[in-house]
Amino acid sequence: MVPLPEPSSVSEKVRVLESLVKIPTYSVAGFTHGRVVYVSTAEGVISLWSLNPATREVRRLTRNPVHSVAPAHRKSRYVAFTRDVTRGMELHKPFIVNVETGGEELLADVPPMRIFGLVWDGVRERLIFSAATRSGIGLFMAWRGGYEKLLDVNAIVEPTDIDGDLVAGFGMLKGNPLSMELFTYDIGSGEFKVYTPKEGSVNKAPALHGGKLLFESNFEGSNALYVYDVRTEELGKPEMEGGDYSRFAPVENSVYGWTPDGRVWAVGEREGRSKPFVDGHEVPSPGGTVGYLALSDDSSRAYYSASSLTSPPKIYEADLRGGSYRVLLDNPLPEELRGRIGKSYFIKCRSADGLEVPTFVVESPHAGRPGPTVVYVHGGPWSEVMDAWSVLINSLVVSGYHVIAPNFRGSTGYGEDFRLKDIGDPGGGDLEDVVAAARWGVESGLASDVGIVGYSYGGYMTYLALGRKPELWRAGVAGAGIVDWRELYELSDALFRKFIETLFGGIKEGLMVERSPITYVRNVRAPLCIIHPQNDSRTPLKPVLRYVEELLKRGVTFEAHVLPDMGHAAKTVDDIVRVVLPTVLFLDRYLKPAQS
Ligand code: 4NP
């Protein structure tokens with residue numbers, strides 16, 4: 001391959017980034033009335049779309065950005081979703097849209113709240129959702145023109161399925177930050193029941209079929225799927241005809257459910273890649289990472305989106321009888337980006353205490369070896385970098401940086417023991433894991449100079465790394481980061497207060513100070529670029545302004561971008577540009593060696 005010239009002028013950098021951010025995302029949200037429902041940034045705004053697999057005709061269903069989408073239900077031609085109505089402050093209202101005509105309507109005039117879990121009852125056309133206000137968290141039901149609070153829960157809970165009057169979900173219902181329990185709620189009788197197969201175990205996302213809950217649990221050690229019969233109270237493992245699923249031996253299941261005729265499907269994950277299965281048989285897929293799996297009514301076909309770190313998401317149709325798959329919606333890498341994304345691979349870095357940190361690396365063909373390298377820290381923290389398309393990672397790669405993306409302790413995808421390691425220790429062991437990734441970069445000969453970039457929890461880690469390990473970094477970019485846990489707690493709504501209590505394993509004032517980047521601001525040496533949405537209600541701007549004052553007092557080189565009228569989550573291609581463009585321009589000035 002002939003190397004492309006390095007982009008030198010700002011206009012050329014912008015052209016390359018523009019071409020990258022315009023690559024649409026695709027994620028399937030279900031199949032109903034003969035149409036695949038999916039979410040995409042095609043045409044510049046996160047919207048709902050539907051697709052006829054026979055003709056490949058696509059239809060844009062919504063104009064304004066959507067926030068979360070409930071999986072489509074095959075009995076309903078409406079898909080339910082939420083939308084922020086407060087310029088990014090993440091107070092939402094529930095909407096529905098017709099998958100055939102695109103007619104959108106407000107489902108009910110619920111007061112704006114942070115809606116964070118939702119399930120659509122396709123039979124009775126009602127929405128069950130959990131939502132937080134400043135003061136509390138509740139479970140709600142909304143239907144055309146009305147709504148009702150079902151109960152106050154004041155715990156992090158998410159409804160995940162409904163069958164008749166029985167709602168199922170999960171959450172932190174025992175106040176133990178290390179466990180999660182299942183719940184059922186009977187809309188008719190108002191009975192709320194909590195179930196766990198074992199005290200202290202983590203149990204997730206039940207799917208209902210004929211009074212049976214299919215869920216993932218770690219109660220026997222590693223994560224596996226189980227079936228619990230609500231009536232007989234019997235617990236067992238799901239039956240699967242094929243042996244592919246158990247041969248693949250997933251470490252986690254990213255999503256799972258029942259086929260219309262009562263068999264089990266699951267997307268199993270191991271080492272950052274995932275594969276879909278129906279009744280234990282592998283569904284043909286191109287490799288990389290698969291999202292949600294939607295099945296046709298007779299379960300003869302499956303629809304899913306799949307991508308990898310080096311190939312943008314596409315939507316596929318798999319023929320479950322013939323064992324083949326085809327691309328329904330293609331998404332080729334634009335011409336000007338070909339040759340700008342190098343190889344990607346999975347490694348394990350060894351952290352200070354010996355823990356192996358699963359890490360993805362994407363090389364830039366133009367960075368040289370050793371070359372300028374960015375440690376990219378994902379958000380969450382209960383999330384992960386998979387072998388999946390990432391606009392943030394690839395904006396760095398196409399701009400000439402190698403990227404190392406550690407799945408530090410606390411990340412999902414590697415089992416509950418690994419995920420729970422950050423509880424009571426945020427900014428402790430996980431920071432050491434990020435440091436290990438930077439050291440691996442230098443020791444392996446990949447990295448010359450190392451920068452650090454992260455958004456949200458990754459922005460927090462960026463601030464903390466620059467203050468606690470100042471010798472390691474040439475530059476840092478902190479997006480929507482956390483600088484002061486105590487002030488964040490004061491400013492948070494009921495959901496995020498619970499979130500912080502979980503992360504710290506209780507309200508621990510001393511630890512909150514010790515783990516706050518503002519405590520170490522006097523140690524920061526490396527040039528720092530701060531990018532922060534004005535209306536962010538998850539990681540509010542206010543404490544960051546205090547951090548900026550401290551940088552100013554100390555003469556640290558910094559740049560601070562407040563993104564006007566934007567909230568925590570990017571909703572448009574333009575929002576993404578507002579984050580990635582200053583990131584790259586800053587790194588080009590302070591991380592990339594001067595070009596001769
Ligand atoms: P995330 O953001 O990385 O996008 O999930 C976060 C926001 C708030 C908190 C943690 C992460 N918090 O602990 O309040």
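Leaving aside its neighbours within four places in sequence, Ser-179 is in contact with Met-172, Lys-174, Gly-200, Ser-201 and Val-202, where contact means heavy atoms within 4.5 Å. This is a predicted model, in which local features need pLDDT of at least 70 and side-chain atom pairs count only at pLDDT 80 or more, while totals for chains, interfaces and linings use all residues. Residues are numbered from 1 along each chain as its sequence is written, and side-chain values use heavy atoms, with hydrogens and water left out.

**Ser-179 and its loop**

- You'll find Ser-179 in the loop between β13 (166-171) and β14 (181-186); helices (H or I, at least four residues) and strands (E, at least two) are DSSP runs, numbered from the N terminus.
- Ser-179 counts as buried, at 2% relative accessibility. Buried means under 20% relative accessible area, exposed over 50%, and partly exposed in between (1.4 Å probe, protein chains only).
- The Ser-179 side chain also makes a polar contact with the side chain of Glu-181, at 2.6 Å. A polar contact is a pair of N or O atoms within 3.5 Å; within protein, one must be able to donate a hydrogen and the other to accept it, and residues adjacent in sequence count only if both atoms are side-chain atoms.

**Glu-416**

- Glu-416 sits in helix α4 (residues 416-419) and is buried, with a relative accessible area of 3%.
- Not counting residues up to four places away in sequence, Glu-416 touches Val-202, Lys-204, Asn-218, Asn-223 and Glu-252.
- Its side chain makes a polar contact with the side chain of Arg-419 (2.8 Å).
- Glu-416 and Val-442 are 26 residues apart along the chain, and their C-alpha atoms are separated by 30 Å.

**Around the ligand**

- The ligand is surrounded by 14 residues, and the closest are Gly-380, Ser-456, Tyr-457, Trp-485 and His-568. To be near a molecule or strand, a residue needs one of its heavy atoms within 4 Å of it.
- The protein covers 91% of the 350 Å² of accessible area that the ligand has on its own. Accessible areas come from the Shrake-Rupley method with a 1.4 Å probe; for residues, only the protein chains shown count as cover.
- By class, the shell has 8 nonpolar, 5 polar and 1 charged residues. Here Ala, Val, Leu, Ile, Met, Phe, Trp, Tyr, Cys and Pro count as nonpolar, Asp, Glu, Lys and Arg as charged, and the others, Gly among them, as polar.
- Helices α7 (485-491) and α8 (494-504) each supply at least two residues of this shell, and the largest share, 4 residues, comes from α8.

**A look at helix α8**

- Because 8 of its 11 residues are buried, α8 is largely enclosed by the rest of the structure.
- Those buried residues are Ala-494, Leu-495, Phe-496, Arg-497, Ile-500, Thr-502, Leu-503 and Phe-504.
- Their cover includes β8 (114-121), β9 (126-132), β10 (137-143), α6, α7 and α9 (509-514).
- At the start of α8, a side-chain oxygen of Asp-493 reaches to within 3.2 Å of the backbone nitrogen of Leu-495.
- After α8 comes Gly-505, with a positive phi near 70 degrees.

- Most residues other than glycine have a negative phi, and most peptide bonds are trans.
- The peptide bond from Arg-369 to Pro-370 is cis, with omega near 0 degrees; Pro-370 is in the loop between β30 (356-362) and β31 (371-377).
- Another cis bond runs from Gly-380 to Pro-381, with omega near -5 degrees, and Pro-381 lies in the loop between β31 and α3 (391-397).
- Asp-279 isn't a glycine, yet has a positive phi of about 55 degrees. This buried residue, at 7% relative accessibility, is in the loop between β22 (273-278) and β23 (281-282).
- Ser-456 has a positive phi too, near 65 degrees. Ser-456 lies in the loop between β33 (447-455) and α6 (457-468) and is buried, with a relative accessible area of 14%.

**Cysteines**

- A search of the whole structure finds 0 disulfides (pairs of cysteine sulfur atoms within 2.5 Å).
- Cys-349 counts as buried at 2% relative accessibility, and Cys-529 counts as buried at 0%.
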